[in-house]
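Here's a quick tour of a protein chain with a ligand in place. Have a look at the model first, then read on.

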Amino acid sequence: MPFTQTPPALANQYDDDRALLSLLARLLPPGVLAAVEPSLREMGRVSAELYPAQLADRASEPTLTQWDAWGNRVDRIELTPLWRQAERITAEHGVVAVAYERAHGALSRIHQFALAYLFTPSTDIYSCPLAMTDGAARALLASGNEELIARAVPHLTSRDPAAVWTSGQWMTETTGGSDVGRSETVARRDADGGWRLHGRKWFTSAATSQMALTLARPEGNPPGGAGLALFYLEPRDANGRLRNIRIDRLKEKLGTKKLPTAELTLDGVPAIPVGALSGGVRSIAPMLNVTRTWNAVSACALMRRGIALARDYAARREAFGTRLIHQPLHADTLAGLQAEFEGALHLTFRVAELLGRDEAGVMEEGDRPLLRVLTPLAKLTTARQSVSVTSEVVEAFGGAGYVEDTGIPMLLRDAQVLTIWEGTTNVLALDTLRALSSPGAPERLAAEAASLAAAVRDPSLRAVAESASSAIHGAMAWLGANVADRVMVEAGARRFALTLGRGMEAALLAAHAQWALDRGDARPAAAARRLAANGIDQLRSADVDDARLLAESPPRGMAERD
Ligand code: MFK
């Protein structure tokens, strides 16, 4: 019999995840943990069981039918079987609802994001419509528009598969996904005094959703983000027909293949202003901050899935006389990935913890700027980590990792989007600068790092905490010294933000590791030491002159400086 390799398999994804178990044991009081654990264990089971179904459904993608047999424009999107299943499972398990039911007060966000984290990697990013749905509920609640809240929020946060809605977020236009202020969609009043939107949305999430939040410029408003307004719309009428919207095509993307990302033409779709008829970017920001947190959760989830598969495979696969897991170099490679993942997990769930406190109205005033800064940091840092970790995971499988029907390449393709959508690494780095410019923000970040370092006693963890603190302080000092030099600060913004992000990950992990050591678990300490050894400080001098030599043409602003 020729040799055949047994494929990797997944155990219950909750019980098998010691980093998550350890984190939740610290974040949740025993009574709360005991109350939520059955739902997490159940989701861990569902996630593992869905994995073979996900592989079987690998090749199917949503389809768009634009015309029926008789020449009627229908623009119907058929989702894949896996996504139809995901719709039901996530509603029933309350993957959005838990955050709004708030059964455990401020801790409900931790519960909800743990559910999302467990579920996400078995469904080819069904987290996208859920993120939009959660973000839309949050933005509507923040708007105070009682009519829209009453109409949509009960659906968005429902556990009933027959009643639940998802929301789209239609922001990106051909003018760009980053510079949203250039949006060309126009809002015009119709004869009845209602609003109708005209324009082209170029990259819309989940065109199958029952509602969407979008930006448009009320006629006569000035250019720029401030001249946009946030609108609510329901794409279909009671008969399921699109209301003056054409689905021009579905995007052919590198990954997230199950997601029906579409190009739309809005040809007078009725819409309702969510709030003021200006300041649309500001009004949609609560949505962005929630979806960016989902992005970080998804990054952790993909890293964890890749590592779980690679570890299982390494325990089965033999090369050069022993199992891969016993080969020192392979084990060392996996250890480095685990450390990156654990750092990401701690930063992400610190954001979830703060968000939960904010929503439950128990946030200390000084923590609001901290949440504002940590959100883009978590998004950008974890997204980059997820690409490098899943790339290593592909390699850890050798040739099998490069073969589509193992399901491994999909992890890397899906991770790549996490650095792009909801703001690229560079846009998020600039957002970090924006967040740090608010009064009290730098001080609160420094205080967070100091209080984490103060919790650490073990000498090897003190070294980690000191590396983290010194990188964070060094980065903040760099910003302070260069604040007047816009070109210097912008050119270094990515390295600056990644230094803060990795520094906070190491600081959080070191503090957690001390807590775990005190309870006899040495593994988080090993992760903290390895994360620090992988490197925290990315901020070498941002050499503007070298950048000018290396870029083909001078970045904007550099020429002006000459
Ligand atoms: C797995 C789950 C992942 C989810 C799947 C997603 C699929 C969907 C596909 C997509 O739609 S991706 C597109 C998402 N698009 C973005 O994320 C936009 C990226 N660009 C930015 O974030 C830019 O920074 C921004 C559009 C905000 C810049 O626009 P402006 O008009 O130049 O903004 P400006 O003037 O800096 O800020 C306007 C106001 O908003 C300011 O407040 P004030 O008016 O009071 O001064 C800002 O402080 C505020 N603001 C901006 N970003 C904020 C914010 N406030 C709070 N939080 C933020 N993040």
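What follows goes from the overall fold to the annotated spans and then to the ligand.

## Ground rules

This is a predicted model, so to speak of local features a pLDDT of at least 70 is needed, side-chain atom pairs count only at pLDDT 80 or more, and totals for chains, interfaces and linings use all residues. Residues are numbered from 1 along each chain as its sequence is written, and side-chain values use heavy atoms, with hydrogens and water left out.

## The whole chain

How does the radius of gyration of the protein chain fit a compact globule, and what is the value? It is 24 Å, which agrees with the value near 24 Å for a compact globule of 562 residues. That radius is taken over C-alpha atoms, and the globule rule is 2.2 Å times the number of residues to the power 0.38.

An automatic or database assignment sets the domain bounds: domain 1 is 167-280 and domain 2 is 438-551. Their C-alpha centres sit 39 Å apart.

## What UniProt marks

UniProt positions follow the numbering used here, feature names are shortened, and annotations may be inferred rather than shown by experiment. Residues 11-159 are 63% helix and 7% strand.

Next, the record puts "domain: Acyl-CoA oxidase/dehydrogenase middle" at residues 169-269, a span with 0% helix and 43% strand, its end C-alpha atoms 15 Å apart. Residues 280-434 are annotated as "domain: Acyl-CoA dehydrogenase/oxidase C-terminal", and here the makeup is 77% helix and 3% strand.

## Around the ligand

The ligand is surrounded by 27 residues, with Gln169, Arg282, Asn289, Arg292 and Arg434 the closest; a residue is near if one of its heavy atoms lies within 4 Å. That shell splits into ten nonpolar, eleven polar and six charged residues. Nonpolar covers Ala, Val, Leu, Ile, Met, Phe, Trp, Tyr, Cys and Pro, charged covers Asp, Glu, Lys and Arg, and the others, Gly among them, are polar. Helix α8 (280-316) is one of the elements supplying at least two shell residues, and α8 gives the largest share, eight.

A polar side-chain atom of Asn289 is 2.9 Å from a ligand nitrogen atom. Alone, the ligand exposes 1200 Å², and the protein buries 77% of that (Shrake-Rupley areas, 1.4 Å probe).

Notes:
Helices (H or I, at least four residues) and strands (E, at least two) are DSSP runs, numbered from the N terminus. A polar contact is a pair of N or O atoms within 3.5 Å; within protein, one must be able to donate a hydrogen and the other to accept it, and residues adjacent in sequence count only if both atoms are side-chain atoms.
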